[in-house]
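Here are some exercises to work through with the model open beside you. Try each task yourself before you read its solution.

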Amino acid sequence: MSLRLEQVTKRFGSITAVDGVTLHIPEGEMFGLLGANGAGKTTTFRMILGLLTPTEGTITWNNEPIRYDQSHLIGYLPEERGLYPKLKVKEQLIYLARLRGMKKPAIMKEMMDWLERFKVPDYVDKRVEELSKGNQQKIQFIAAVLHRPKLLILDEPFSGLDPVNVELLKEAVIDLKRNGTTIVFSSHRMEHVEELCEHLCIMHRGKPVVSGALKEIKRSFGKKNVVIHADFSLEELSRFPGVLKAKQTAEGIHLQIEHEDVSQRILAHIANKGFIRKFALEEPSLNDIFIEKVGAVYE
Ligand code: ATP
């Protein structure tokens, strides 16, 4: 059970929205698709779902193309939120779950469980248009998962949600993954992908610029960060050999170094200069990697 994209390209006239994307997403995996606006994420999702046909390349799930009759196995939260404004939440969810072959008693149970979980059980009889945008998004998320899909595609699931709701949704996707759902989601927010995904792909102008296991991507990036807080000036460290970038903060300095060995030389250099409150060697963040890799493509 796995989702495979092989050399997938999508052109709209002279625009190449997706350009030679190859991805392998194992069953039960939570996979993150990152990229700036217009990178090609939504187009990739629409091709996975069969809503668009690739210009070139193939997409398979369990070695077969995804077919319409498998729709009960697939859940999709589209980027454009599209519930019927005049319908009640209950009517909306029952309608969508029935399309996926569920029976009413099972729908009612799952629906109430999810509404309770998202702390909005009293919305069941409200019309969608009466709900705030963030709450409509929670209902649409429920619509995508109510039928317990095996493959769940979430386009920007966290956008527009307040921090409490972001956490509720994150916990929900983690639980779905634990129960064996394969999840692919897109985001502009590096920290969400960093927190949730073992594997990811950063797209830029339709092309994958970084792809693979998060740990491996970080390791092979090579560069590390050093954070130092001290009671003396650290300004001179911006010129220390092996320091690539330096950013002064209120408490100290944040350095990017070319290799972790540099941190030991820095430590030796500052050891007797005064009081050091914090000295930490950190992995590069996904944000550092994104900026460098996507920036490099711009040059
Ligand atoms: P965002 O983060 O802004 O949602 P995205 O990564 O999802 O962006 P896509 O929506 O896949 O990006 O768009 C990729 C490119 O393809 C863009 O340049 C977009 O203008 C173009 N595009 C998408 N759909 C169509 C279409 N139906 N016709 C023509 N061009 C399209």
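**Exercise 1. Describe the setting of Lys224.**

Start with the secondary structure: Lys224 belongs to strand β10, residues 224-230 (strands are DSSP runs of E with at least two residues, helices are runs of H or I with at least four, both numbered from the N terminus). A word on the source: this is a predicted model, in which local features need pLDDT of at least 70 and side-chain atom pairs count only at pLDDT 80 or more, while totals for chains, interfaces and linings use all residues. Residues are numbered from 1 along each chain as its sequence is written, and side-chain values use heavy atoms, with hydrogens and water left out.

Next, is Lys224 buried or exposed? Its relative accessibility is 15%, so Lys224 counts as buried (buried is under 20% relative accessible area, exposed over 50%, partly exposed in between, with a 1.4 Å probe and protein chains only).

Now look for side-chain partners. Lys224 makes a polar contact of 3.2 Å with the side chain of Glu260, and another of 3.4 Å with that of Glu283 (a polar contact is a pair of N or O atoms within 3.5 Å; within protein, one must be able to donate a hydrogen and the other to accept it, and residues adjacent in sequence count only if both atoms are side-chain atoms).

Finally, beyond four places in sequence, the residues in contact with Lys224 include Leu255, Ile257, Leu281 and Pro284 (contact means heavy atoms within 4.5 Å).

**Exercise 2. Identify the residues with the most contacts inside the largest nonpolar core.**

The core has 53 residues, and the ones to pick out are Trp114, Phe118 and Phe141 (a nonpolar core is a set of buried Ala, Val, Leu, Ile, Met, Phe, Trp, Tyr and Cys residues joined through side-chain atoms within 4.5 Å). A second, separate core has 25 residues, including Leu3 and Phe45.
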